[in-house]
Amino acid sequence: MEAVWNTFSSVETFFRETPCPMQNTDLISTSGYDCIVQRTNEGRKSCKEFEDFLKDSTLKRALDNFKMQVENIGQSHIQLAQTLREEAKKIEDFREKQKFHRKKVELIMDAIHKTRNLQFKKTLEAKRLYEQRCRDKDEAEQAVHRNANLVTQKQQEKLFVKLAQTKTALEDSDRVYQMNVAAVEKIREEWQNEHIKACEFFESQECERITYFRNALWLHVNQLSQQCVKNDECYEEVRKSLEMCSIEKDIQCFVNIHKTGTFPPTPVTYENYYNTQKNSGSGRNQAPASGMGRRPQLPVPSSGSGDPEYSTVDGYSLIQHH
């Protein structure tokens, strides 16, 4: 406030020290206006002083403060948007990181699932072949016992050969079946171990995701809340500047700058031409009185009673006849 009044005092001194002509109350006089225009057109210094004075107006300062605070709010919004973009990038990086590690586990599980399924199918096929060889061997044995006394020696030998072949095929299928069962059991144990690891990994990722997302959302809400506080602080600064605004001071400052005098123009009076000529003739050889800067106002002549078109000049009567 002290700076404001100091500026006002300097501007007031500036206009007070500007030389102006004597006060002229003529209606068409522009001496005051010409003085101000001449002074304000002198150059950068006068313009700068005038500009500084306007800036010290209480309402102008409030408007400037309002613009400044709006710009501050805009800048804070830009900063918030940048912060949100950074947070979004962090979330994206976090999501990609989890995806990368999860993909490795998924590839391992996909591979072991494929191996397990293929081995299980092979085991089922080996079991089916083994059971078929068992049935073939049983039928061959039954054929031997059933036809022991009904067939020739040669036919009986053929039955024994077939029985031996079925037993050999059964042994082979049994060995293959047991190997497949052992293999599928080994794969099952491996799959089970990997499945437990994958479940533990996915559980850990889910805990990490929930924790990260919760903290990110909490931070985002705090940022929005802090932005509201900043906005209100800026608005409060505007309210404070508006409280300091003085209507009377602003109007008085404007008046002090633009005033051209303290008296209004003098009234326009009627001047009789003949009286003017008479006075100018009688005083032609007389020196003007000292201290008289201008001719005194002449009286307005009165017309004759009942005759508005009658007037006298130096004893000469002028009567208009009809």
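Me: What should I know before we start?

Reply: This is a predicted model: local features need pLDDT of at least 70, side-chain atom pairs count only at pLDDT 80 or more, and totals for chains, interfaces and linings use all residues. Residues are numbered from 1 along each chain as its sequence is written, and side-chain values use heavy atoms, with hydrogens and water left out.

Me: Ok, how many helices and strands does the protein have?

Reply: The protein has seven helices and two strands. Helices (H or I, at least four residues) and strands (E, at least two) are DSSP runs, numbered from the N terminus. Along the sequence, the pattern reads α-α-α-α-α-α-α-β-β.

Me: And how much of it is buried?

Reply: Buried residues are 20% of the 322 in the protein. Buried means under 20% relative accessible area, exposed over 50%, and partly exposed in between (1.4 Å probe, protein chains only).

Me: Which residues make up the largest nonpolar core?

Reply: Five of them: Ala 140, Ala 143, Val 144, Leu 159 and Leu 163. A nonpolar core is a set of buried Ala, Val, Leu, Ile, Met, Phe, Trp, Tyr and Cys residues joined through side-chain atoms within 4.5 Å. Helix 4 (58–146) and helix 5 (153–243) are the elements that give two or more residues to this core, and helix 4 gives the most, with three.

Me: What does Val 144 touch?

Reply: Leaving out residues up to four places away in sequence, Val 144 touches Leu 159, Phe 160 and Leu 163. Contact means heavy atoms within 4.5 Å.

Me: Switching topic: is Val 238 buried or exposed?

Reply: Val 238 counts as buried because its relative accessible area is 9%. Val 238 lies in helix 5 and touches Asn 65, Phe 66 and Gln 69, again not counting residues up to four places away in sequence.

Me: Last one: is Ile 247 buried or exposed?

Reply: Ile 247 is exposed, because its relative accessible area is 58%. Ile 247 sits in helix 6 (residues 247–258).
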